[in-house]
Amino acid sequence: MKVRHLILILGDQLDPEHSALAAADASQDRILMIEAVSESTHVASHKQRTVLFLSAMRHYAQSLRDDGWQLDYHTLSNKVRSLSEGLSQSIERYRPDAVQLVQPGDWRVLQSLRDTCEAASCDLHELTDTHFYTTPDDFAAWARGRKQLTMEYFYREQRKRFGILMEAGQPAGGAWNFDKDNRKTFGKKGPGMLPAPQRFAPDETTRNVIADVEAWFPTNPGAMDNFGWPVTRAQALEALDDFITYRLADYGRYQDAMWQGEAFLYHALIASAMNLKLINPREAIDAAISAWQAEPERYPIAAVEGFVRQILGWREFIRGIYWQHMPDYKTLNHYGHDAPLPDWFWSGDTSMNCLRQSVTDTLQNAYAHHIQRLMVIGNYAVLAGLEPMAVCNWYLSVYVDAVEWVELPNTLGMALHGDGGIVGSKPYVASGAYINRMSNYCGDCRFSVSQRTGTNACPFNALYWDFMIRHRASLASSPRMRMVLKNIDRWDDDELAAIQAAANDHRQQ
């Protein structure tokens with residue numbers, strides 16, 4: 001049963017143009033796919049996250065069979081504990097000349113598979129992931145010699161390099177960045193009638209996966225009754241088209257807004273499909289730009305540029321950061337935070353309404369949009385001094401679009417500033433006033449967003465100002481923080497002591 005190449009395809013590599021398949025020969029090569037139990041247990045993977053991965057894998061596997069590929073597919077019922085175990089067994093069975101693997105999105109997985117092949121004395125051919133615009137080597141070349149890695153400068157280089165939203169050598173619309181136009185709130189009247197995003201009823205394959213996940217991982221977090229994520233390429237393309245048609249026009253201006261009871265708003269909801277490689281980022285960017293070119297009066301340049309920036313700029317930048325700094329990146333803890341994760345992270349049972357809404361959305365949908373993740377949950381985590389890897393593991397476990405290359409730098413670097421400034425030049429922290437401005441959460445909260453201290457004061461306020469007091473010296477180096485820090489000079493010693501006491505009381509609860 002010897003084969004030439006054993007091609008291992010991972011659950012986040014469901015690319016119809018998978019690099020290993022381009023030069024493969026169905027008569028000589030064999031594909032291996034594994035539903036490894038540990039991939040849902042090394043962090044307590046949200047049930048919808050696991051359903052998405054496994055259902056998408058099973059659908060993809062069937063498409064490979066239909067195309068005539070020889071395929072070994074191990075379901076959960078095969079009881080393969082880890083990817084390494086499954087690969088080791090297949091190497092022993094087939095004795096391939098080499099294993100072919102597109103670079104995983106998780107350093108842990110890559111190292112374990114390297115070790116497996118070395119132990120089996122089997123060559124491992126690591127292939128470039130052509131799904132992205134850039135490679136880790138491209139990013140390393142760009143980063144070389146720079147004291148600070150700034151996403152905005154990387155993004156501009158990307159625009160120029162690939163000719164995206166460029167007109168005669170200049171940025172379309174006359175500016176590189178329209179972020180100032182993309183911070184609107186819904187106001188007191190709220191968002192009104194929202195276009196419902198495309199959701200996909202589980203087919204037989206997905207229903208079988210749901211049953212398997214409930215049987216194998218009954219204690220993992222999250223609900224499954226409203227699962228509707230795209231699990232095939234056709235569904236992913238339909239979800240992309242739905243976003244472009246019905247939500248892109250308002251995506252930009254309202255991308256930072258939040259509203260109680262509305263989990264999806266105008267967001268794209270395609271990150272999970274893109275991270276599983278069901279659709280290519282080039283397809284998403286081309287679709288948005290084509291819509292703008294065809295109907296510029298309908299699709300504002302600010303909305304299209306904001307969408308492009310998230311993919312071409314931020315997504316590629318974050319991946320570059322991950323591979324540039326791993327594995328030491330996971331050990332960083334800039335502030336030395338060590339508080340345990342509160343139990344309500346797994347239930348949403350907290351009296352702080354903004355956190356209750358954001359965590360509940362997460363547990364119900366395996367999704368919360370970026371401001372809920374960054375400026376509500378992440379904001380609280382850094383102000384409350386939660387241990388960074390506990391927080392990072394939670395984000396990795398609960399979000400349907402979480403793969404470590406994208407989750408870790410976004411959480412540790414952006415949300416927690418735990419990397420000390422590798423990702424962002426300052427911590428993204430705010431008092432309750434920001435949350436009140438960007439949402440209607442505060443109106444239904446038992447705490448008063450206008451009070452800094454006292455029994456009824458919003459905990460975000462004391463935590464925020466306590467953070468500013470404790471880290472004033474280091475924060476003062478950022479020009480954007482100096483005006484904020486001047487507020488501290490207006491308060492006497494009693495007020496400062498009351499703020500710090502209130503923050504300490506909350507952290508000790």
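## A partly exposed pair: E295 and R298

R298 is partly exposed, at 36% relative accessibility. E295 is partly exposed too, with a relative accessible area of 31%. Their side chains meet in a salt bridge, 3.6 Å from N to O. This is a predicted model.

Other salt bridges share partners. They join D179, R183, E305 and R309 into one network. The count for the structure comes to 26 salt bridges.

## Bridges between distant parts of the chain

E39 and R108 form a salt bridge, with the closest N and O atoms 3.1 Å apart. The pair links distant parts of the chain, 69 residues apart. E39 lies in the loop between strand 2 (30–34) and helix 2 (47–66). R108 belongs to helix 4 (residues 107–119). E39 is partly exposed, with a relative accessible area of 25%. R108 also counts as partly exposed, at 30% relative accessibility.

K47 and E214 form another salt bridge, and here the closest N and O atoms are 3.1 Å apart. This pair, too, links distant parts of the chain: K47 sits in helix 2 and E214 in helix 7 (residues 204–216), 167 residues apart. Is K47 buried or exposed? K47 is buried, with a relative accessible area of 8%.

## Backbone exceptions

Most residues other than glycine have a negative phi, and most peptide bonds are trans.

S121 is found in the loop between helix 4 and strand 5 (123–127). At 72% relative accessibility, S121 counts as exposed.

K277 falls in the loop between helix 10 (271–275) and helix 11 (281–294). Where S121 is exposed, K277 is buried, with a relative accessible area of 4%. K277 counts as buried because its value is under 20%.

P327 is placed in the loop between helix 12 (301–325) and helix 13 (353–365).

Methods:
Residues are numbered from 1 along each chain as its sequence is written. This is a predicted model: local features need pLDDT of at least 70, side-chain atom pairs count only at pLDDT 80 or more; totals for chains, interfaces and linings use all residues. Side-chain values use heavy atoms; hydrogens and water are left out. A salt bridge is a side-chain nitrogen of Lys or Arg within 4 Å of a carboxyl oxygen of Asp or Glu. Helices (H or I, at least four residues) and strands (E, at least two) are DSSP runs, numbered from the N terminus. Buried means under 20% relative accessible area, exposed over 50%, partly exposed in between (1.4 Å probe, protein chains only).
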